[in-house]
Amino acid sequence: MTQTTARPHAAVLGGGVMGEALVTALLAAGWTADDVDVTERSAARAMELSGRYGVRAADPNAKAVKGAGLVLIAVKPQVVPDVLTEIAPTLRPGTLVVSVAAGIPVAVYEAALPEGTPVVRVMPNTPALVGKGASAIAPGTHATDEHLDLAERALAATGLVVRVAERDLDAVTAISGSGPAYALYLIDAMAEAGVLLGLTRDLATRLAVATVEGSAALAAQTGDHPVVLRERVSSPGGTTVAGVAQLDAHGVRAGVVAAARAAYDRSRELGAAAAPSPRGDR
Ligand SMILES: NC(=O)c1ccc[n+]([C@@H]2O[C@H](COP(=O)([O-])OP(=O)(O)OC[C@H]3O[C@@H](n4cnc5c(N)ncnc54)[C@H](OP(=O)(O)O)[C@@H]3O)[C@@H](O)[C@H]2O)c1
């Protein structure tokens, strides 16, 4: 890929929570404000983003994608079909379309956009808003490694980006997509336990947040298996092993596995509902 296409002009369609995170990620990755357009339904919100980041609060979606080499779709999933209909006539050949919309299969984009359009589907998660996300990117039929490189560069400032096949996105949704809710559930439970044991809620919450954050950083930085790290703080007959035995006795591990399985099944159901109907049935 040449230097000129390293940071093609980008159009972010939808400037909500995720759209704003994408704008900041592009700027952090070296795109200049002049290289980024953002579209919004509400003019006030568009002006707000323009004022905050200096990016162009663009015109309708169809006009915004005209000059773009990279289009990032960040509208709600139910709005995606309308947006694709809007942009299909003006999308330049070869423009990469990256979408963070949950649950919409690549086939929906490929059916609505001009033949040969490269599409990359992303499953991000909410820690992306603070640069600590975990996103999986999956290529469509016409997306090459260079397109995946470009998507990765655009998302780099949101946190970890991994490449998967689209069939794995339901599992990714179950682990990292829904995962922040599991981790926050654990933090809340730890804080609640602290209150039960006499700590103030504020103190217990700060301790729980720092402990989960620190444990994740320890695992990430050492690369050691979580079991090894857990054993290091579990002295024989000590407090930690007594606590962990209760987690096992109460089936917490089985609960996490069941939660992920339920999220996976739901993701598959929603994906099947969003898939394009068989040919001739549209
Ligand atoms: N938030 C997350 O943590 C998260 C995580 C994973 C994936 N996602 C995905 O990210 C996408 C966006 O989610 P979000 O939470 O950022 O939603 P959001 O805050 O509601 O943002 C969507 C934005 O798109 C605007 N919009 C609606 N129709 C539009 C159109 N035709 N053209 C341009 N803009 C339009 C909306 O404006 P109005 O409000 O005026 O309608 C809104 O500002 C979703 O598809 C979601 O599945 C989000």
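How much of the chain is helix and how much is strand over residues 166-270, and how far apart are the end C-alpha atoms? In this predicted model, residues 166-270 are 82% helix and 0% strand, and the C-alpha atoms at the ends of the stretch are 14 Å apart. The stretch corresponds to an annotation in the UniProt record, an unreviewed entry, which reads "domain: Pyrroline-5-carboxylate reductase dimerisation". The record also places "domain: Pyrroline-5-carboxylate reductase catalytic N-terminal", again from an unreviewed entry, at residues 11-103. Over residues 11-103 the chain is 40% helix and 18% strand, with 21 Å between the end C-alpha atoms.

**The chain as a whole**

The chain has 282 residues, of which 34% count as buried, and it contains 12 helices and eight strands. Its C-alpha trace spans about 70 × 45 × 35 Å along the principal axes. Of the contacts between residues at least 6 apart in sequence, 64% join residues that are at least 24 apart.

Eight strands form an open sheet of mixed pairing, in the order 3-2-1-4-5-6-7-8. Its edges are strand 3 (56-57) and strand 8 (159-163), each of which pairs on one side only.

| Strands | Sense | Bridges |
|---|---|---|
| strand 1 and strand 4 | parallel | four bridges |
| strand 4 and strand 5 | parallel | four bridges |
| strand 5 and strand 6 | parallel | three bridges |

Individual residues can be followed across these pairings: Val12 stands opposite Leu72 in strand 4, and Leu72 in turn stands opposite Val98 in strand 5. Further along, the bridge partner of Ser99 is Arg121, which belongs to strand 6.

Strand 4 is covered on both faces, with Leu70 and Leu72 buried on one side and Val71 and Ile73 buried on the other. Helix 1 lies across strand 1 (10-13), strand 2 (36-39) and strand 4 (70-73), and it runs at about 175° to strand 2.

**The surroundings of the ligand**

Helix 1 (residues 17-28) also gives the most to the shell around the ligand, to which it contributes three residues. There are 25 residues around the ligand, and those that come nearest are Gly14, Gly16, Met18, Ala101 and Ala102. By class, the shell is made up of 12 nonpolar, nine polar and four charged residues.

**Leu155**

Leu155 and Leu22 are separated by 133 residues in sequence, yet their C-alpha atoms are 7.1 Å apart in space.

Note on methods
Residues numbered from 1 in each chain as written. Predicted model: local features only at pLDDT ≥ 70, side-chain atom pairs only at ≥ 80, totals over all residues. Near = placed C-beta within 6 Å. Helix = DSSP H or I, 4+ residues; strand = E, 2+ residues; numbered from the N terminus. Nonpolar A, V, L, I, M, F, W, Y, C, P; charged D, E, K, R; others polar. Buried ≥ 20, exposed ≤ 12 C-beta atoms within 10 Å, placed from the backbone. Contact = placed C-beta atoms within 7 Å. UniProt positions renumbered as here; feature names shortened; annotations may be inferred. Pairing = 2+ DSSP bridges. Axes fitted to C-alpha atoms, helices over the stretch in contact; angles between N-to-C directions.
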